[in-house]
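Please read this report with the structure open.

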Amino acid sequence: MKTITLYTKNNCPQCKMTKRFLAQKDVTFEEINIDEQPQYIDWLKEQGHRTVPVLTTNESMTIVGFRPDQLKALAV
């Protein structure tokens, strides 16, 4: 089973769109809001990410930004 983690922050339109898309497709995910949990900011930077949303899976899949074309693969 895929474990999906979505890194977001407050007032982020792309984050809201990504969460809405996943909810509409009944995709379960864990949300980590970096405004509320800033300890994840350095980890995201170490991975080369400078923006959110960042979605990761335990299958080494990473999606940055609101990418419905790539998010559809999670809804299968």
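Does Asn 11 count as buried or exposed? Asn 11 counts as exposed, because its relative accessibility is 70%; buried means under 20% relative accessible area, exposed over 50%, and partly exposed in between, with a 1.4 Å probe and protein chains only.

## Basis of the model

This is a predicted model: local features need pLDDT of at least 70, side-chain atom pairs count only at pLDDT 80 or more, and totals for chains, interfaces and linings use all residues. Residues are numbered from 1 along each chain as its sequence is written, and side-chain values use heavy atoms, with hydrogens and water left out.

## The sheet

Four strands make up an open sheet. Their order is E2-E1-E3-E4, and the pairing is mixed. The edges belong to E2 (30–33) and E4 (62–64). Each has a single partner strand, so one side of each has no neighbour in the sheet. From one strand to the next, the twist averages 15°. Strands (E, at least two residues) and helices (H or I, at least four) are DSSP runs, numbered from the N terminus. Two strands pair if DSSP finds at least two bridges between them.

E1 and E3 (residues 54–57) run antiparallel, joined by four bridges. Within this pair, Tyr 7 stands opposite Val 54 of E3. E1 and E2 run parallel, and four bridges join them too. Here Thr 5 has Glu 30 in E2 as its bridge partner. The chain passes from E1 through H1 to E2 in a right-handed β-α-β crossover. Right-handed means that, with the strands pointing away from the viewer, the path from the first strand over the helix to the second runs clockwise.

## Thr 5 in strand E1

Thr 5 belongs to strand E1 (residues 4–8). Thr 5 counts as buried because its relative accessibility is 11%. Neighbours within four places in sequence aside, Thr 5 contacts Glu 30, Ile 32, Val 54, Leu 55 and Thr 56. Contact means heavy atoms within 4.5 Å.

Axes are lines fitted to C-alpha atoms, for helices over the stretch in contact; angles run from 0 to 180 degrees between N-to-C directions.

## Loops and backbone details

Asn 11 sits in the loop between E1 and H1. Its phi is positive, about 55°, although Asn 11 is not a glycine. Asp 26 is in the loop between H1 and E2. Phi of Asp 26 is also positive, near 55°, and this residue is not glycine either. Asp 26 is exposed, with a relative accessible area of 69%.

The peptide bond that joins Val 52 and Pro 53 is cis, with omega about 10°. Pro 53 lies in the loop between H2 and E3.

## Nonpolar cores

A nonpolar core is a set of buried Ala, Val, Leu, Ile, Met, Phe, Trp, Tyr and Cys residues joined through side-chain atoms within 4.5 Å. The largest has nine residues, including Ile 4, Leu 6, Phe 21, Leu 22 and Leu 55. E1 and H1 are the elements that give two or more residues to this core.
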